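This briefing describes the fold of the chain shown below, from its sheet and helix packing to selected residues.

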Amino acid sequence: MIRYYVTDRRQGDIVDCTARAVRDGIEMIQVREKDLSARELLDLVYKVRDLAAGTRTRVLVNDRLDIAQAAGIDGVHLPANGLPPGRVRQFVQLLGVSTHSVEEAIAAEKARADFIVFGPIFDSPGKNAVGLPPLTRVVSSVRIPVLAIGGITAANSRQVLEAGAAGIAGIRLFQTN
C-alpha cells in the first residue's frame, strides 16, 4: 500500500510531521502550501527534502515545476486544473495528478503520469464525497496506481483498498499528532 502525505501547515508543524512520516516509512510527501511565496515554499521544500534524504520517501511539490527543479526533489503533483501533465513529464522523475473523474484519470495516464490521486472518496472539510463506486471505476479504467483521498481514516482505509486503490493520500491522516 502506498501512503501519500499531503502537507498543510495550518493543521500542524510540517517539519515535525515530515520527520515522523519519514521515520514511519511513508512512501511520498507532497508539499502543498499554495499560499507561500516562491522563496518561502523553496525553503520549506529544502527542509522536507533534507529530512527525506537517504530514505525511501520521495518528495513532490504541488504545481510548481520551478520549485521542484530548484530544490532537486523527485517530482511534481499537479492539480486537475494545473499545468498540463504532458508538458511537465519530461522534467521530473515522478509525476502525480489529481483527478475527479474517469476521463481525467485516463487523460493523466495518457500524459504519462506515474500515479493519480482520486477523490474525495469520503466527506472531508469543504468537499462532498464521490464514494467508493467511482473509485472502483477509475481503478478499472487505468493501469497506473490510483491513490484515494478525502476523508480517509484508519477505520475506513481498508474500504478504499478493497475497492482497488493502490494506496491512500491525506492530510489529517498523516499529520494529526
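Helices (H or I, at least four residues) and strands (E, at least two) are DSSP runs, numbered from the N terminus. Axes are lines fitted to C-alpha atoms, for helices over the stretch in contact, and angles run from 0 to 180 degrees between N-to-C directions. The model is predicted: local features need pLDDT of at least 70, side-chain atom pairs count only at pLDDT 80 or more, and totals for chains, interfaces and linings use all residues. Residues are numbered from 1 along each chain as its sequence is written, and side-chain values use heavy atoms, with hydrogens and water left out.

**Barrel and strand pairing**

- A closed barrel of 8 strands runs in the order 1-2-3-4-5-6-7-8 with parallel pairing; two strands pair if DSSP finds at least two bridges between them.
- Direction ignored, neighbouring strands of this sheet are turned by 25° against each other on average.
- Strand 1 (residues 2-6) runs parallel to strand 8 (residues 167-170), with 4 bridges joining them, and Y4 stands opposite A169 in strand 8.
- Strand 1 also pairs with strand 2 (residues 28-31) in the parallel sense over 3 bridges, where V6 stands opposite Q30.
- Because 4 of its 5 residues are buried, strand 1 is largely enclosed by the rest of the structure; buried means under 20% relative accessible area, exposed over 50%, and partly exposed in between (1.4 Å probe, protein chains only).
- Strand 3 (residues 58-62) and strand 4 (residues 75-78) run parallel and are joined by 3 bridges, with G75 in strand 4 as the bridge partner of L60.

**Helix packing**

- Helix 1 (residues 14-23) packs against helix 2 (residues 38-52) at an angle of about 25°, with the axes 9 Å apart.
- That angle makes helix 1 roughly parallel to helix 2 (under 35 degrees counts as roughly parallel, over 145 as roughly antiparallel, 65 to 115 as roughly perpendicular and the rest as oblique).
- Helix 1 passes helix 2 in a right-handed crossing; a crossing is right-handed if the near helix is turned clockwise from the far one by less than a right angle, and left-handed if anticlockwise.
- I14, V15, T18, A19 and V22 in helix 1 are in contact (heavy atoms within 4.5 Å) with L44, K47, V48, L51 and A52 in helix 2.
- The residues of this contact divide into 8 nonpolar, 1 polar and 1 charged, where Ala, Val, Leu, Ile, Met, Phe, Trp, Tyr, Cys and Pro count as nonpolar, Asp, Glu, Lys and Arg as charged, and the others, Gly among them, as polar.
- Helix 5 (residues 102-110) and helix 6 (residues 132-141) have axes that come within 9 Å and cross at roughly 25°; helix 5 and helix 6 are therefore roughly parallel to each other.
- The crossing of helix 5 and helix 6 is right-handed, and the contact joins V102, A105, I106 and E109 of helix 5 to R137, V138 and S141 of helix 6.
- By class, the contact of helix 5 with helix 6 has 4 nonpolar, 1 polar and 2 charged residues.

**Selected residues**

- V61 is found in strand 3 and is buried, with a relative accessible area of 0%.
- Not counting residues up to four places away in sequence, V61 touches V31, L41, V45, I67, A68, I73, G75, V76 and H77.
- D63, in the loop between strand 3 and helix 3 (65-71), has a positive phi of about 60° although it is not a glycine, and counts as partly exposed at 27% relative accessibility.
- R112, in the loop between helix 5 and strand 6, is a residue other than glycine with a positive phi near 70°, and counts as exposed at 52% relative accessibility.
- The peptide bond from G119 to P120 is cis, with omega near 10°; P120 is found in the loop between strand 6 (115-118) and helix 6.
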